[in-house]
Amino acid sequence: MRPESTNGTGDGELLVPMAWMYAEYIADELLRTGQLMPPTTIEYRAGRDALALTVFLSDGATGDVRTVARLDEWLSLTAYDSGWREWVCGRLDRLAATASGGPDLPLAAAAWHWLEGTELLAADLDAVEPGGAAPDTAEGDWPQVWTPAWQLGLPLGHLAIHLF
């Protein structure tokens, strides 16, 4: 990857988004280990980007034993009704305001933009009444709804962490 500038360092040093690339690597490993879906699907990308954002924004990943110790933190951040979307927006805004995101911030912001702006067709789980009969999925009767990619990727990432 060729950088567009050296951000005025003047010494010709290339800025490489290592924190983001490492967060993506961890997310990819978690999803591949869980074998929840093929890596070529768009749902897999949604899960990888949601997990990478979680890892990156939770003060980054570490390349040692502490990575495994952080699984509980990532599990709680990705839990249902944890306020993950608001947490991501707040952390990205804070990094942008303090200009402390370095070369990683544009990649994290692009991942968030894709997760929020892309809609995927998914089963509408809210269409089934509690205690009611579920549609016959073999017949393809399950109602579907368009949903933002992060709403599919987040539970996928959460399950991948849980299975790890």
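Predicted model: local features only at pLDDT ≥ 70, side-chain atom pairs only at ≥ 80, totals over all residues.
Trainee: What makes helix 5 roughly antiparallel to helix 6?

Mentor: Helix 5 and helix 6 pack at about 150 degrees, with axes 11 Å apart. Under 35 degrees is roughly parallel, over 145 roughly antiparallel, 65 to 115 roughly perpendicular and the rest oblique, so helix 5 counts as roughly antiparallel to helix 6.

Trainee: Which residues make that contact between helix 5 and helix 6?

Mentor: On helix 5 they are Trp 84, Arg 85, Val 88, Cys 89, Leu 92, Leu 95 and Ala 96, and on helix 6 Leu 105, Ala 108, Ala 109, Trp 112, Leu 115 and Glu 116; contact means heavy atoms within 4.5 Å. By class, the contact of helix 5 with helix 6 has eleven nonpolar, no polar and two charged residues.

Trainee: Why is helix 2 called oblique to helix 6?

Mentor: Helix 2 (residues 42-57) and helix 6 (residues 105-117) pack at about 135 degrees, with their axes 10 Å apart. That value makes helix 2 oblique to helix 6. Helix 2 also passes helix 6 in a left-handed crossing.

Trainee: Which residues of helix 2 and helix 6 meet there?

Mentor: Ile 42, Arg 45, Ala 46, Asp 49, Ala 50, Leu 53 and Phe 56 of helix 2 meet Ala 108, Ala 111, Trp 112, Trp 114 and Leu 115 of helix 6. The contact of helix 2 with helix 6 has ten nonpolar, no polar and two charged residues.

Trainee: And how do you know that helix 2 is oblique to helix 5?

Mentor: The angle between helix 2 and helix 5 is about 55 degrees, with axes 11 Å apart. That makes helix 2 oblique to helix 5. Helix 2 passes helix 5 in a left-handed crossing. Ala 50, Leu 53, Thr 54, Phe 56 and Leu 57 of helix 2 make the contact with Trp 84, Trp 87, Val 88, Arg 91, Leu 92 and Leu 95 of helix 5. The contact of helix 2 with helix 5 has nine nonpolar, one polar and one charged residues.

Definitions and conventions. Residues numbered from 1 in each chain as written. Heavy atoms only, no water. Axes fitted to C-alpha atoms, helices over the stretch in contact; angles between N-to-C directions. Helix = DSSP H or I, 4+ residues; strand = E, 2+ residues; numbered from the N terminus. Left-handed = near helix turned anticlockwise from the far one by under 90°. Nonpolar A, V, L, I, M, F, W, Y, C, P; charged D, E, K, R; others polar.
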